[in-house]
Amino acid sequence: MATRSGTISSRVSPRRSASGAARRSSTARNHAAVRPVAWSDPAGLLMTTTAVLVLVGLVMILSASLWNSEASPFLYFNKQALWAALGLAGFFVFSRYDYKRLKGLGFKLLPLVILLLLVVLVPGIGTNVGGSSRWFRLGPLSFQPSEAAKLALILFAADVFSRKKEAKFKDFAHAALPMIPVLGLLAALVMLQPDLGTTSLLGFIGFGMLFVAGARVRHLLPFGLAGGGLALGAALFEPYRRARILAFLNPWADPLNTGYHTIQSLIALGSGGWFGVGLGASRQKWTYVPNAHTDFIIAILGEEMGLLGTLVIVGLFAFLAYLG
């Protein structure tokens with residue numbers, strides 16, 4: 001039996017042995033990739049923090065929009081719940097997906113995003129709301145190409161930087177190409193909508209990627225200051241932006257126009273006190289605070305959950321940034 005066993009072993013080719021070893025190694029890697037994550041790990045804390053914020057967001061959207069939905073009292077809540085469910089499904093898919101297989105996707109996604117950013121500006125195709133053409137309407141759903149631009153920029157930058165040697169990041173010109181031109185193009189297209197907030201966020205993403213990849217702070221600082229100066233100039237150049245930004249200095253100077261949002265939000269936060277008036281019991285959401293379920297939802301949260309609840313939510317966002 002020993003001789004026969006030895007004979008059988010001698011017939012196994014080195015190539016097949018190597019192939020089997022490679023398969024076993026790949027299987028081991030895959031099992032390692034999907035191993036359970038301890039809640040105390042950074043990944044576990046990231047999941048927990050995100051889940052809590054999503055759940056709080058759903059509760060507050062339901063509370064802030066329950067009385068003001070166009071067709072159904074649950075209209076905005078149902079929309080948000082749908083996106084949350086899709087996000088949860090995406091989470092489970094990508095938690096078991098080898099992220100390295102995404103390499104190259106940024107180069108494919110970027111031209112599509114640029115095309116969409118151009119098309120959304122065409123009258124009659126993009127939906128204009130409040131003087132901004134940012135959305136495509138798809139039946140009851142809406143889509144912002146600028147949201148896809150954030151993902152495309154991240155994937156594109158990660159792919160480009162993974163091909164560069166770390167030593168070359170000492171030369172900022174080498175590190176910044178083609179990142180800065182692509183960032184500039186995306187920012188210009190988003191500003192044409194116009195959307196200063198998303199443009200600024202794209203700038204933060206681009207410089208954040210450069211920093212993480214190894215670019216030197218002394219190289220990033222001048223470009224960051226220049227970008228900040230351009231954003232400040234854009235904010236102050238348009239009268240409506242300038243009035244909105246400076247309104248906080250004295251909102252009571254124009255209480256029914258530029259200062260209205262600020263004043264009503266302060267009333268909401270002041271009414272909440274330390275512990276809030278209780279979930280669903282906000283009075284300011286009844287036509288007093290405009291956009292109560294979107295831009296000014298933090299005011300409703302502060303009224304219903306109080307200062308302590310507001311600090312917890314702000315702390316969770318800060319913790320999320322720290323984990324990132």
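**Close-up views of the predicted model**

View 1. E147 and K150 sit three residues apart in helix α6 (residues 145-162), about one turn of the helix. This is a predicted model. The two side chains form a salt bridge, with the closest N and O atoms 3.1 Å apart. E147 is partly exposed, at a relative accessible area of 38%. K150 counts as buried, at 16% relative accessibility. The cut-off for buried is under 20%, so K150 falls on the buried side.

**View 2. The D159 and R163 pair.** D159 forms a salt bridge with R163. Their closest N and O atoms are 2.8 Å apart. The two partners differ in accessibility. D159 is buried, with a relative accessible area of 2%. R163 is exposed, with a relative accessible area of 55%.

View 3. The side chains of R134 and D195 meet in a salt bridge, at 3.9 Å from N to O. R134 belongs to strand β2 (residues 132-138), and D195 to the loop between α8 and α9; the pair therefore ties together parts 61 residues apart in sequence. D195 is buried, with a relative accessible area of 6%. Four salt bridges are counted in total. Among them are R134 with D195, E147 with K150, and D159 with R163.

View 4. T198 is found in helix α9. T198 is buried, and its relative accessible area is 9%.

**View 5. The packing of α8 on α9.** Two packed helices are described by the angle between their axes and the distance between the axes. The axes of helix α8 (residues 179-191) and helix α9 (residues 196-213) come within 8 Å and cross at roughly 170°. That makes α8 roughly antiparallel to α9.

**View 6. Helix α12 and its buried residues.** Helix α12 (residues 260-272) has 13 residues. The helix reaches 19 Å from its first C-alpha to its last, close to the 18 Å expected at 1.5 Å a residue. Its buried residues are I263, Q264, S265, A268 and G272. These buried residues pack against α13 (297-323). G273 follows α12, and the phi of G273 is positive, near 60°.

**View 7. The whole chain, for context.** The chain holds 13 helices and three strands. Of its 324 residues, 29% are buried. Consider contacts between residues at least 6 apart in sequence: 61% of them join residues at least 24 apart.

Terms used: Residues are numbered from 1 along each chain as its sequence is written. This is a predicted model: local features need pLDDT of at least 70, side-chain atom pairs count only at pLDDT 80 or more; totals for chains, interfaces and linings use all residues. Side-chain values use heavy atoms; hydrogens and water are left out. Helices (H or I, at least four residues) and strands (E, at least two) are DSSP runs, numbered from the N terminus. The expected span of a helix is 1.5 Å times one less than its number of residues. Buried means under 20% relative accessible area, exposed over 50%, partly exposed in between (1.4 Å probe, protein chains only). Contact means heavy atoms within 4.5 Å. Axes are lines fitted to C-alpha atoms, for helices over the stretch in contact, and angles run from 0 to 180 degrees between N-to-C directions. Angles under 35 degrees count as roughly parallel, over 145 as roughly antiparallel, 65 to 115 as roughly perpendicular and the rest as oblique.
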